[in-house]
Amino acid sequence: MYWNEQASSIWVEVGSIHFSILTGRIFLRDVSYYSSNQTIKIVKGQVQWRYWIRRPTSEDDIGYLRGGEDPRSSHSQCRIQMSIQGIEWSVYNRTAAFDSIISQMEAKNPSHPASRSSERRHSSHKVSRQASSTPSYPPSALKSLRMPHGIQKAIAWIKRQLPSLDPKDLLPLGIEITKGVITCGNNSTRNLLIAEFSRSEGTFGLVGAKSKLDLYKQSLSMKFQQAVIRYVDNENYTDLMTSMGKIVHNHIIQHSSFNQPSSYLPYRPFMTLWKRLRLLNFAKKYTLYCRDIRAMQKQGSTKNRKNTQDEFPPIGADFLHLEYAIERRILETPLFELSYFFDVAGEVPALENCHENVGAETIDIGNGDVAPEWGFDIIIHGGVLRYGPWADRQRAELQRVFFPPTYHDGEVTTSLKPGDKRLWTAMRVFVELRDNTVLHIPFREASKDWQWDVQSDLPQKSRVREATAIHVTVGDRSSISYTLPMVTGPAGYRPVLEVHLDAVVITSSLNDIQMVTSESCRIHCEMPTPLKWNEERKWPIALSLRQPVLYLIRDHINMFIDLGKDWTTGPPSDYQRFIPMIYAFEITLHHYELNVYVNDHNIIDKPLLRDENALFTLQGTYFNLMTDILSNEFRPECTTIPFVIDVPDSSLNLSLPRWNINALHAPRGGNNLANIQSLHVAGSYQYFAETRPDYVEQLKLRFDLRDVAFKNLGWSIRYFMVFRENYLGSFTHFVTLYEYLDRRKKKQPLGDPITSKYRPGKSNMLQTEMQVFIQGGTVIMPAGLPGYSSTREEDDSGIGDCLIMTLPNLQLQFRMHDHYM
């Protein structure tokens, strides 16, 4: 069956159909649906009317997944049951988004009359939030399948001939699917996003709306077993959509009198132009040309890999563009629950019947009551999520295809009047994580690229370079909430992301050290978007950890720097599409414990045992870090990142391994070296976009300390020097005891390979300026070896014999770089 409705034409094929009146069953086989946006294929399916069920599923039994579990599996009690075996849903286009962009451009050019196609677009689609004051409506599963005008008239005539029957009386609808695949992407995306599941079951029905002004709530609840979401290499990839569009546009201008880019043709004149210039053949030739080039590149890389005996990546590869931190399986979970719901909106009541309670909406547009609900509820059971910089770059590519940026100014949503249809003010997405969920973040290590270039003389442990990874494990009942406003005010709109994680444990592939263990983690992110599309915007991102315990080595700091570099790697934007951004980060720690290792030569053999390591421990009740990542200038020569740290009421302890002689008289919690009532750090880091001999990067630090009491144990000064070597000196890379002894045996350098990893012209000189201001300082120098303990057991005076030196004010200033200090 083919329905020709110009751009909205669809094609439906049915292999066979069978009716069974006695069993109330319609059996279908080999069903295919084609449109300009999607394709649906069903191997085998049936729709059954189980008229013998006396008590079908009620509204209370449907219960979508929001806010709790549904212990009843009520889909089997639905009178209408739909069963599908083998379904494939391919989504490759979203014409509504591009129609909306064209409508916005036509509205800005009133000199060009509106075409018939634009009138069709306005009648069949809702304009996006930024295009007009009318917000986007939640799509219905039935409305997404367009029906030709003639078929609609025929259905309307049949309805008039039949007795009055409300289709809602047939609900709820039971759904059961065996083996399904959903594919997103087209030939302009390098990778396809594929979601698979072995079995799914659920219900679609109607429940009561939250507001009495709305008619009812449509609810679709599904449970997917053995769900997997992954990226697959697109063998049919041709080129980016924008590149292909430019090539076709230039071809039209060169071979036709159509040379006005601001003109938009209706469907029929465009088809005439399409056939006259043979654009389909031109696009096919370009597609085959791109595929041949890609096949030759793959063949060449395969030969090179065979010649190097499966060595990947090859020595001397360009790691700025080479991707080796690829994880294609994004999500794996034994059970994935999804609930999609939205209220069918009613009308705005008269002013005297309006309620003052408008709910949690930040913008009141005159709905008269709580706004209609629209959103998703998702529950992931025991999931494993693999998402890193490479996966995020593929996500951005797919997002540009299905949700293209409009680069268009928005308009304030007009207030509703009595009698108007109520509007959805926000779309809400709530994700709940059941059981333990693991987040795996793979990324490239730019700091170790020197080991894989042609100048390196270090023996390689493996011919295959593996990606570094950070593992984040969160406990049961963690949640993620995202709210996207559908209406705009004078200041634009403000999406909000809330993340609540419990029992957080962060580890890495570097070693067995648990970098962070925290009782809970809270992330609050606001993404304000002004009406003007290229106006500067500031996104505050707040992270809060409760009772965190941190173990940090210098390799962890390098690892986070590499993660930031990999995540921000990508082609720069052009000036016409540049959006100035400021990311305001705030990190808060409550009742924290920060541990750093001060072992000799940075030997860490058993990192999890305190009795085997020398540790500096900074403890306190509150730690606050604020910094702004500036991206509000287009390709600046240099960038300055300011930051501020506030640490009140903190203490510094030193714990030693049990074999150390100074640990004999140490307290159980370690030697308390300093108590600081107030610590304030203000600094900035300035770096350049390019590498030049006359560029000097600046790190400025100012420490303001107040009411400091320092216990100056003579032997403890040595550990401050070790700290300097392990984190700022020549032993910044940790080694195990076996590796250390092996280096001594082979007479290799014990510290960092500074000479081996130096590459001229790869980095700028770094200059550090440090200022220390102390007000109200006290230095305590014990006379006896035990320190504060008294030399006589009967004397419990506390500090024992010591020398106390008071410093009302102390100022220190350091300046150092590659040549001098």
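A salt bridge is taken here as a side-chain nitrogen of Lys or Arg within 4 Å of a carboxyl oxygen of Asp or Glu. In the predicted model, arginine 706 and aspartate 707 form such a pair, with their closest N and O atoms 3.7 Å apart. Arginine 706 is partly exposed, at 37% relative accessibility, and aspartate 707 is likewise partly exposed, at 34%.

The structure contains 28 salt bridges. One of them joins glutamate 196 to arginine 230, with a separation of 2.9 Å between the closest N and O atoms. Because glutamate 196 belongs to strand β7 (residues 191-207) and arginine 230 to strand β8 (residues 216-233), this pair ties together parts that are 34 residues apart in sequence. Glutamate 196 has a relative accessible area of 23% and is partly exposed; arginine 230 is also partly exposed, at 24%.

A further salt bridge, with an N to O distance of 2.9 Å, connects the side chains of glutamate 432 and arginine 477. Here distant parts of the chain, 45 residues apart, are linked: glutamate 432 lies in strand β12 (residues 426-434), and arginine 477 in the loop between β14 (468-474) and β15 (478-485). Glutamate 432 is buried, with a relative accessible area of 9%, whereas arginine 477 is partly exposed, at 45%.

Helices α8 (residues 389-402) and α9 (residues 554-567) pack at an angle of about 20 degrees, their axes lying 9 Å apart. The two helices are therefore roughly parallel to each other. Pro389, Asp392 and Arg393 of α8 meet Leu563, Asp566 and Trp567 of α9. This contact comprises 3 nonpolar, no polar and 3 charged residues.

Key:
Residues are numbered from 1 along each chain as its sequence is written. This is a predicted model: local features need pLDDT of at least 70, side-chain atom pairs count only at pLDDT 80 or more; totals for chains, interfaces and linings use all residues. Side-chain values use heavy atoms; hydrogens and water are left out. Axes are lines fitted to C-alpha atoms, for helices over the stretch in contact, and angles run from 0 to 180 degrees between N-to-C directions. Helices (H or I, at least four residues) and strands (E, at least two) are DSSP runs, numbered from the N terminus. Angles under 35 degrees count as roughly parallel, over 145 as roughly antiparallel, 65 to 115 as roughly perpendicular and the rest as oblique. Contact means heavy atoms within 4.5 Å. Ala, Val, Leu, Ile, Met, Phe, Trp, Tyr, Cys and Pro count as nonpolar, Asp, Glu, Lys and Arg as charged, and the others, Gly among them, as polar. Buried means under 20% relative accessible area, exposed over 50%, partly exposed in between (1.4 Å probe, protein chains only).
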